[in-house]
Amino acid sequence: MPAPEMLPSLPPASLGARPAPFAPEPTNRLTYDDEVFLRSATVIGVPVVGQTAWRFPTEIPVEAVQDLVDELAKGPLNRLVVRPTVVGARSRWVPAKTAEPVRLHPDRIKPDQVVGWLDSTADEVPFDPVKGPLWAFFMSHTTDGGTVVAYNASHIVCDGGMKLGAVIAAVRRQHLPRLPASEAEPEVTRKDDWRDARTMARAAVRGLREARKAGKLPVLEAQSSEKRPLPDPRADDDVVHEVAFAGADCPVEEWNAAAERARGTSNALQVAISVEVLLEAGIVRPGEPVKMSLPVSLRGEGDLRSNATSGVSIAVETELRDGVGRVTDLAHIRERSKREFSALFKGTRPDPIAHIAPLAQMIPDKLAKPLLKGVVTPLGLASNLGRPDPDFVAPFGVAADSIVFRALALGATRGELRRMRGGVTSWWCEVGDTGRSGARDGGVCSFGVRALDPDAVPDSERLKEIVTTVYGRWGLVPTFW
């Protein structure tokens, strides 16, 4: 089973499918991807929460945010998990009866306190997949007359496509089904769980046969988490680590100009900058390729799955130029990405994990726990959202100045992060013309990045220094959240 961040929070908008309209799905059982994040919370003990934060230039009334919460509560996000009564059967979804009201911070916060406040929201409402809740909204007014709204949701209940689609539908007052199956269907019994276990067993047998036929994925000749040595135990391994984060804005026109100068696109530049952050932090070596994971949404028309994200990996070439590790040519990133995504959508890319998913999902938690000790987090992962739908940018009638996305691995210790051997995870999106950060016609783009190596990048201030240095090499100047 992949590490918690193997299946990221945000689907790329330009490389993959955009969030689509929803219709009921044929089953209320959790998918394998849902199970990955359920076990991350219940077996590994590290819940993964996706956080979206809007920064608005004006004061948004709390009633407007509560209206959105009330609409979302009528839709597909208001689910809870029921664990199976039979080994081998899948957990299932049931409707939640209530939703958390929006929580307004009692005091205005300064603009430079926003990220600290966003961090604090993760502790306000503990998410429980069985008892609930699995999502919540928070807001705070700022001393400069603005508003910040945070939308936290457990990755168990939604990936980026579901999250965005549910919000857009709520803004438009489009009523989506609350659950994958009708609430009027008969109560699930132990007999139903036995039937599901037999179905899964047959699927597992077929999957093993198909996995043998599919063969192994080609091995990338590149630096990766798997190739990093396991660390020796340290005295502070049990200390919970606050993972470094930086949210950087800059004018979209300047970002695009930097990409064009290097024969690339905005997507390719995000990948390159993510790799250069790894280089500047000393996590990878210059002159050797680096493995980058690129997620893509598989969410289609009428798709109510909580998680419908896949991805590919490419090797990004690096070089030592003037004593500095760089990624100077974006063309190869663009070409390799397109080739791998094309193979994924055509079904010509071997995917043995997909075939053994039924077997992996059948394994009881007690047996899964020792198997999950060796999971690793990607050395580099880049999720590109592109330009979100206007109703997502302005869910309360006022367009956001900036939107930042990130995934939070709650309660992860330094020892766990060291053993997972991850590097950086980044998100990118574009917001229309806001007048902030010197942006003119092209608007602002937001680059959010988390550094998962507690030793190479011990805190957010160090990460901001790294991002500033890397941006400077591309002719960019970041404005940090």
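Helices here are DSSP runs of H or I with at least four residues, numbered from the N terminus. Before I go on: this is a predicted model, so local features need pLDDT of at least 70 and side-chain atom pairs count only at pLDDT 80 or more, while totals for chains, interfaces and linings use all residues. Residues are numbered from 1 along each chain as its sequence is written, and side-chain values use heavy atoms, with hydrogens and water left out.

So, how do the axes of H7 and H13 cross? H7 covers residues 266-281 and H13 covers 460-473, and their axes come within 9 Å and cross at roughly 120° (lines fitted to C-alpha atoms over the stretch in contact, with angles from 0 to 180 degrees between N-to-C directions). That angle makes H7 oblique to H13 (under 35 degrees is roughly parallel, over 145 roughly antiparallel, 65 to 115 roughly perpendicular, and the rest oblique).

Who's touching whom? On the H7 side you'll find Ile273, Glu276, Val277, Glu280 and Ala281. Facing them from H13 are Arg462, Leu463, Ile466, Val467, Thr469, Val470, Tyr471 and Arg473. Contact means heavy atoms within 4.5 Å. Sorted by class, that H7 and H13 contact has eight nonpolar, one polar and four charged residues (Ala, Val, Leu, Ile, Met, Phe, Trp, Tyr, Cys and Pro are nonpolar; Asp, Glu, Lys and Arg are charged; the others, Gly among them, are polar).

Next pair, please: H2, residues 62-72, and H4, residues 160-171. Their axes sit 9 Å apart, and the packing angle is about 110°. H2 and H4 are therefore roughly perpendicular to each other, and their crossing is right-handed. Leu68, Glu71 and Leu72 of H2 meet Ala166, Val167, Ala170 and Val171 of H4. By class, that's six nonpolar residues, no polar ones and one charged.

Last stop, Met362. Where does Met362 sit? You'll find Met362 in helix H9, which covers residues 352-362. Set aside the neighbours within four places in sequence, and Met362 is in contact with Gly88, Ala197, Met200, Ala201 and Ala204. Now look across to Tyr32: Met362 and Tyr32 are 330 residues apart in sequence, yet 9.5 Å apart in space, C-alpha to C-alpha.

Key
Helix = DSSP H or I, 4+ residues; strand = E, 2+ residues; numbered from the N terminus. Left-handed = near helix turned anticlockwise from the far one by under 90°.
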